[in-house]
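Dear colleague,

I am passing the structure below to you for your records.

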Amino acid sequence: MFFFNHKMKKLFILLVIGIISSLQTLSWSVEPDKDLLNKSIKGKVVCVTGAGGSIGSELCKQITQLNPLKIVLIDNHEHSLYKIDNELKAYLEKDKLKINTNIKVLPLLGNLLDKQFVLNAFKNHNINIVFHS
């Protein structure tokens with residue numbers, strides 16, 4: 001077993017602090033490939049899992065800008081699902097001159113660990129692409 005002596009421990013801590021501070025100065029942002037997103041979403045049936053969460057709900061709002069045929073919202077928390085369903089429908093109504101308002105929004109309350117629920121969702125709604133959040 002390897003043990004740090006006092007001097008090695010200080011060097012190790014300084015090394016870790018240096019690595020962390022270096023990583024914090026790097027930019028890790030990645031620009032989305034708009035052509036790929038447009039080809040993958042426009043006119044397609046899109047499923048967003050965890051749709052009621054902060055990341056999932058933001059995904060839903062951004063996906064509507066790419067004119068999918070339908071957005072299938074899946075979440076296991078009824079209130080969150082209800083909330084994002086209403087937000088999206090209000091958002092689509094408000095911006096009806098800018099985007100396709102014929103986008104169907106379908107909330108599904110269920111658990112992704114339930115294999116039959118997932119199979120039924122894919123079979124009944126012909127899902128083309130999934131965003132798992």
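This is a predicted model: local features need pLDDT of at least 70, side-chain atom pairs count only at pLDDT 80 or more; totals for chains, interfaces and linings use all residues.

The chain has 133 residues, of which 27% count as buried. Its secondary structure comes to five helices and four strands, and from the N terminus on these elements run α-α-β-α-β-α-β-α-β. Of the contacts between residues at least 6 apart in sequence, 69% join residues at least 24 apart. The accessible surface of the chain comes to about 9,700 Å², and 60% of that area belongs to carbon and sulfur atoms.

The four strands form an open sheet in the order E3-E2-E1-E4, with parallel pairing. Strands E3 and E4 (129–132) are the edges, each pairing on one side only. From one strand to the next, the twist averages 20 degrees.

The pairings may be taken in turn across the sheet. Strand E3 (residues 104–109) is joined to E2 by six bridges, and in this pair Lys104 of E3 stands opposite Lys70. E2 in turn pairs with strand E1 (residues 45–49) over five bridges, again in the parallel sense; here Val48 faces Leu73 of E2. The chain passes from E1 to E2 by way of helix H3 (residues 54–64), and this β-α-β crossover is right-handed.

How many of the residues of E2 are buried? Six of the six residues of this strand (residues 70–75) are buried, and E2 is therefore largely enclosed by the rest of the structure. Buried here means under 20% relative accessible area. The burial applies to both faces of the strand: Lys70, Val72 and Ile74 point one way, Ile71, Leu73 and Asp75 point the other way, and all of them are buried.

Helix H5 (residues 115–125) lies across E1, E2, E3 and E4, and its direction is at about 160 degrees to E3.

With kind regards

Notes: Residues are numbered from 1 along each chain as its sequence is written. Side-chain values use heavy atoms; hydrogens and water are left out. Buried means under 20% relative accessible area, exposed over 50%, partly exposed in between (1.4 Å probe, protein chains only). Helices (H or I, at least four residues) and strands (E, at least two) are DSSP runs, numbered from the N terminus. Two strands pair if DSSP finds at least two bridges between them. A crossover is right-handed if, with the strands pointing away from the viewer, the path from the first strand over the helix to the second runs clockwise. Axes are lines fitted to C-alpha atoms, for helices over the stretch in contact, and angles run from 0 to 180 degrees between N-to-C directions. Contact means heavy atoms within 4.5 Å. Accessible areas come from the Shrake-Rupley method with a 1.4 Å probe; for residues, only the protein chains shown count as cover.
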